[in-house]
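The following report describes selected features of a protein model. Please consult the sequence and the coordinates alongside the text.

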Amino acid sequence: TVSNFHTDARLFNPSFDKDIQISATFYSTAGGNPLTATVTVPKRQMKILDDVTTQLFSTSSLGAILFTSADPFEATSRIYALTGAGTLGQFGPGTPPTLTKNKGAVLQLKQNGVNTQTGTFRTNIGLVNPNNATANVTWTLYDRNNAVAATKTTGYGPFAVLGPSLVTSVAGATTGDFSDAWLSFSSDQPILVYASCIDNGTTDQTFIPAVDDAGVPLSPPPPTTKNFDVTMRSFQITISPDPSTLKVGDRATFRIRIVEGEHSFELVGPDGSIMILPTAPSPGSIDERTFTVSRGTYTYFCTNSLCGVGHSEMVGSFDVEVGTPPPPRY
């Protein structure tokens, strides 16, 4: 019961044979010590709690109520405003603790105008942290085209309540087409999240509970490892298959062997760094060297100047995606 807004609650006792006791605890958006009350609901009856915060707690603060009992019961609520024509509001079901979520989404949101602007909507987000620990929540708001418009992480203290707040403010968005939008959230504590979508012209409201978000971010694929045979003979270096087939990010393994003469192999990367230090495997053996590929021209050669009169011919190069534009960076 805040200003022109009112909240009515109902508690239902389904038992045929016993009256039950229900404890009520009120957590204010302003923080501070919670307020408590006890309600008796006779068997097979519905307890009427109009203006519930005033009736149970003698307060007009905004917040959340936790109902608990040793016996089964149901709770519902209705929040509404008084208008010249009557009441205007929305229904909200009681949400059991089993429906708290560490990860979820709120769909079918709209925010493309302000109050009294006919034909537009605004959306408020609310949250309850029912844990005796801070909940660190990451919000991600998606626009009409399913593009990420904003991401923001906020900590909500133990038993904290986020009163209805504009979705763009909660997510930290400043621009975007939110005529249709959705919001995802992830939290290190299980929380309750909901939305209220409001027609700015009529002030008609729609209660939207959070749904499960079972999606898991895709892990980047492991780098591809490609093997190449490097053969050194007097006076020639051959690499098979053609290393120009390599792509940026690949892992390349060069298997170096000497079949004739005394040689040493070295590979220099596009930025001038040495990718394979001079290596001279003994006759009959293979020396394997692995490196990660980047864009540009690689140069290889024999480093043993005493290998013979054709030493200067033992040099070569290959290109990796040279002339291919790099992927865009965001």
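At 22% relative accessibility, D213 counts as partly exposed, where buried means under 20% relative accessible area, exposed over 50%, and partly exposed in between (1.4 Å probe, protein chains only). The model is predicted: local features need pLDDT of at least 70, side-chain atom pairs count only at pLDDT 80 or more, and totals for chains, interfaces and linings use all residues. Residues are numbered from 1 along each chain as its sequence is written, and side-chain values use heavy atoms, with hydrogens and water left out.

**Salt bridges**

A salt bridge is a side-chain nitrogen of Lys or Arg within 4 Å of a carboxyl oxygen of Asp or Glu. By this rule the count comes to nine. The table lists three of them, including the one formed by D213.

| Pair | N to O distance |
|---|---|
| K103 and D213 | 3.5 Å |
| R144 and D180 | 3.2 Å |
| D229 and R255 | 3.1 Å |

Helices (H or I, at least four residues) and strands (E, at least two) are DSSP runs, numbered from the N terminus. The side chains of K103 and D213 meet in a salt bridge; K103 belongs to strand β8 (residues 101-109) and D213 to the loop between β15 (211-212) and β16, so the pair ties together parts that are 110 residues apart in sequence. K103 is partly exposed, its relative accessible area being 31%.

R144 and D180 also form a salt bridge. R144 lies in the loop between β10 and β11, and D180 in the loop between α2 (167-171) and β13, so this pair links parts that are 36 residues apart in sequence. R144, at 44% relative accessibility, is partly exposed, and D180 is partly exposed with a relative accessible area of 29%. K110, R144 and D180 are linked in a network of salt bridges.

A further salt bridge joins D229 and R255; D229 lies in strand β16 and R255 in strand β18, so parts that are 26 residues apart in sequence are tied together. D229 is partly exposed, with a relative accessible area of 32%, and R255 is partly exposed at 27% relative accessibility.

Strand β13 (residues 181-199) contains D199. A polar atom of the D199 side chain lies 3.0 Å from the backbone nitrogen of T202. Leaving aside residues up to four places away in sequence, D199 touches T120, F121 and D204, contact meaning heavy atoms within 4.5 Å.

F121 is the bridge partner of D199 in β13. Strand β9 (residues 121-128) is mostly covered, with seven of its eight residues buried. β9 and β13 run antiparallel and are joined by eight bridges; two strands pair if DSSP finds at least two bridges between them. β9 also pairs with strand β12 (residues 161-166) in the antiparallel sense, over four bridges, and L127 stands opposite L162 in β12.

**The four-stranded sheet**

An open sheet of four strands has the order β4-β1-β6-β7, with antiparallel pairing. β4 (46-49) and β7 (86-93) stand at the edges, each with a single partner strand, so one side of each is left without a neighbour in the sheet. Neighbouring strands of this sheet are turned by 20° against each other on average, direction ignored; the axes are lines fitted to C-alpha atoms, for helices over the stretch in contact, and angles run from 0 to 180 degrees between N-to-C directions. Strand β6 (residues 74-83) pairs with β7 in the antiparallel sense over eight bridges, and A81 stands opposite L88 in β7.

**Loops and backbone geometry**

P14 is found in the loop between β1 (5-12) and β2 (20-28) and is partly exposed at 29% relative accessibility. Beyond four places in sequence, P14 touches R44, P72 and F73.

Most residues other than glycine have a negative phi, and most peptide bonds are trans. N146, in the loop between β10 (135-142) and β11 (148-156), has a positive phi of about 65° although it is not a glycine; N146 is exposed, at 52% relative accessibility. T203, in the loop between β13 and β14 (205-209), has a positive phi near 65° and is partly exposed, with a relative accessible area of 28%.

A cis peptide bond joins S234 and F235, with omega about -5°. F235 lies in the loop between β16 (225-233) and β17 (236-240). The peptide bond from S240 to P241 is cis, with omega near -5°, and P241 lies in the loop between β17 and β18 (251-258).

Note on methods. Polar contact = N/O pair within 3.5 Å; in protein donor to acceptor, adjacent residues only side chain to side chain.
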